[in-house]
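Me: I have a protein chain to look at. Please take me through its fold and its packing.

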Amino acid sequence: VLGFVFRRHDRAIAAYLSDCKRVHPEDLKKLSGIETLIIGTPCRRSHPTHMSLEEGLRFSEKLAAKRTFFTHLSHDFGHVQTQKSLPPNRFLAYDGLSFDCDL
């Protein structure tokens with residue numbers, strides 16, 4: 001599965017990674033310090049082809065993402081309860097979500 005990275009000059013503005021379990025080390029460099037990360041984390045438990053929410057949180061921290069949205073969530077997530085447990089600038093996505101990117 002391909003991911004999408006939106007850049008302006010040397011700035012990594014946003015990235016969308018769906019159905020992702022690992023990212024190649026060279027691509028990690030391209031994502032480092034990303035302003036907005038959108039990543040699919042459909043499961044609470046470890047999965048062979050997708051990051052769990054915990055893995056997604058660690059990945060977001062590793063990249064030093066300024067803000068992260070977790071998407072493709074399964075029924076395992078109670079939205080309000082889970083959102084309250086997340087660190088600052090980490091959010092569960094929802095239908096109809098929109099946000100601005102500083103281009």
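This is a predicted model: local features need pLDDT of at least 70, side-chain atom pairs count only at pLDDT 80 or more; totals for chains, interfaces and linings use all residues.

Me: In what order do the elements of the protein chain run from the N terminus on?

Reply: Helices (H or I, at least four residues) and strands (E, at least two) are DSSP runs, numbered from the N terminus. The protein chain has 3 helices and 5 strands. Their order is β-β-α-β-α-β-α-β.

Me: What share of the residues of the protein chain counts as buried?

Reply: Buried means under 20% relative accessible area (1.4 Å probe, protein chains only). The protein chain has 103 residues. The buried share is 40%.

Me: Which residues of helix 2 are buried?

Reply: Helix 2 covers residues 53–63. An α-helix has 3.6 residues a turn, so residues three or four places apart point the same way. The buried ones are Leu53, Glu55, Gly56, Leu57, Phe59, Ser60 and Leu63.

Me: Which elements do the buried residues of helix 2 pack against?

Reply: Contact means heavy atoms within 4.5 Å. The partners include helix 1 (25–31) and helix 3 (79–85). The strands are strand 2 (11–17), strand 3 (36–40), strand 4 (67–71) and strand 5 (90–92).

Me: Which residue with a positive phi follows helix 2?

Reply: Its phi is near 60 degrees. The residue is Ala64.

Terms used: Residues are numbered from 1 along each chain as its sequence is written. Side-chain values use heavy atoms; hydrogens and water are left out. Buried means under 20% relative accessible area, exposed over 50%, partly exposed in between (1.4 Å probe, protein chains only).
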